Amino acid sequence: MLASRAVARSARVVAPRFSIAATRGYAEPAKSSAEVKPPVQVFGLDGTYATALYTAAAKTNSLDAVSRSLDNMSATFKRDTRLQSILTAPTLSVEDKKQIVAEIQKSINVTDKTNTVQNFLNTLAENNRLSVLEGVCEKFNTIMSASRGEVEMTITSASQLDQKVVKQLEQSVQKSQYVGQGKKLKVVPKVNREIRGGLIVEIGDRTIDLSVSGKMARMNKLLQDSL
């Protein structure tokens with residue numbers, strides 16, 4: 001496992017340092033001076049990096065390769081649940097981070113002639129921001145979905161849903177007002193045991209909370225307001 005190989009490389013503390021300007025350093029020279037604007041805005045530090053990566057990939061015509069690379073990275077995080085905790089360790093040395101980046105690159109298994117992803121990973125390592133990598137993968141996927149004309153629907157459940165249930169939800173929502181004409185619905189299932197049961201469905205900026213934890217929270221608020 002990737003985390004197993006990386007854990008032995010955690011050593012001395014490295015002082016955190018960060019500069020947004022450094023996100024511009026990993027891109028190859030732009031083929032056009034025209035500004036590349038992502039189709040959707042994402043927020044947070046991971047969103048800032050995801051936006052910068054999208055801009056760099058668009059300017060170097062490497063969006064497909066970069067997108068596949070980050071999809072593979074996301075799969076690696078899901079398979080290797082300890083990886084995120086390794087990346088957030090405060091004891092990573094400069095050499096540790098170089099080795100971790102090398103291991104992550106091996107797991108990607110995608111040819112990128114522009115080296116956009118490699119340079120991006122090096123930038124994260126240099127700025128002590130490898131901890132945001134998992135979030136960057138998610139935010140970058142959001143940007144790519146918007147660029148493809150997809151409407152993302154996240155279905156969160158306490159346990160993995162049967163594919164028949166997911167398909168039924170997808171078919172129902174695809175015909176609804178939440179998916180515009182000519183748009184394609186992209187379903188992203190997630191598991192969060194803390195919701196205890198039921199579902200949380202998110203489409204764009206709309207959230208439908210049918211979870212057990214949500215119902216309990218609403219009931220508690222109702223009781224408190226009544227007292």
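What follows is a chat about this predicted model.

Me: Before we start, what should I know about the model and the numbering?

Reply: Residues are numbered from 1 along each chain as its sequence is written, and this is a predicted model, so local features need pLDDT of at least 70, side-chain atom pairs count only at pLDDT 80 or more, and totals for chains, interfaces and linings use all residues. Side-chain values use heavy atoms, with hydrogens and water left out.

Me: Great. How many helices and strands does the chain have?

Reply: The chain has 9 helices and 4 strands. Helices (H or I, at least four residues) and strands (E, at least two) are DSSP runs, numbered from the N terminus. Along the sequence the pattern reads α-α-α-α-α-α-α-β-α-β-β-β-α.

Me: And what share of the residues is buried?

Reply: Buried residues make up 37% of the 227 in the chain. Buried means under 20% relative accessible area, exposed over 50%, and partly exposed in between (1.4 Å probe, protein chains only).

Me: In what order do the strands sit in the sheet?

Reply: The 4 strands form an open sheet in the order 2-1-3-4, with mixed pairing. Strand 2 and strand 4 stand at the edges with a single partner strand each, so one side of each has no neighbour in the sheet. Neighbouring strands of this sheet are turned by 15° against each other on average, direction ignored. For angles, axes are lines fitted to C-alpha atoms, for helices over the stretch in contact, and values run from 0 to 180 degrees between N-to-C directions.

Me: Which way do strand 1 and strand 2 run?

Reply: Strand 1 and strand 2 run parallel and are joined by 8 bridges. Two strands count as paired if DSSP finds at least two bridges between them. One place to look is Ser-157, whose bridge partner in strand 2 is Val-191. Strand 1 is also mostly covered, with 7 of its 8 residues buried.

Me: What about strand 3 and strand 4?

Reply: Strand 3 and strand 4 run antiparallel, joined by 4 bridges. Ile-200 stands opposite Asp-209 in strand 4, and Ile-203 stands opposite Arg-206 in strand 4. The hairpin of these strands has 2 residues between them, and Gly-204 there takes a positive phi near 60°.

Me: Which residues other than glycine have a positive phi?

Reply: Asn-128 and Arg-196 are two to look at. Most residues other than glycine have a negative phi. Asn-128 has phi near 60° and lies in the loop between helix 6 (116-126) and helix 7. Arg-196 has phi near 75° and lies in the loop between strand 2 and strand 3.

Me: Is Arg-196 buried or exposed?

Reply: Arg-196 is exposed, at 59% relative accessible area. Asn-128 is partly exposed, at 24%.

Me: Switching to pockets: what is the volume of the largest pocket?

Reply: The largest pocket has a volume of about 1,200 Å³. On a 1 Å grid over the protein atoms alone, a pocket is an open set of points where a 1.4 Å probe fits, with protein on both sides within 12 Å along at least five of seven lines, and lining residues have an atom within 4 Å of a point. Grid points are joined across faces, edges and corners, and the volume is the space filled by probe spheres set on the points.

Me: Which residues lie nearest its centre?

Reply: Of the 40 lining residues, Glu-138, Asn-141, Thr-142, Glu-152 and Lys-190 lie nearest the centre of the largest pocket. Elements giving two or more residues to the lining include helix 3 (63-79), helix 7 (133-147) and strand 1 (150-157). Helix 7 gives the largest share, 10 residues.

Me: How does the lining divide by residue type?

Reply: The lining has 15 nonpolar, 12 polar and 13 charged residues. Ala, Val, Leu, Ile, Met, Phe, Trp, Tyr, Cys and Pro count as nonpolar, Asp, Glu, Lys and Arg as charged, and the others, Gly among them, as polar.

Me: Where does helix 7 lie relative to the strands?

Reply: Helix 7 lies across strand 1 and strand 2, running at about 140° to strand 1.

Me: Last one: what does Ser-69 touch?

Reply: Ser-69, in helix 3, touches Ile-108, Val-110 and Val-117, not counting residues up to four places away in sequence. Contact means heavy atoms within 4.5 Å. Ser-69 counts as buried, at 2% relative accessibility.
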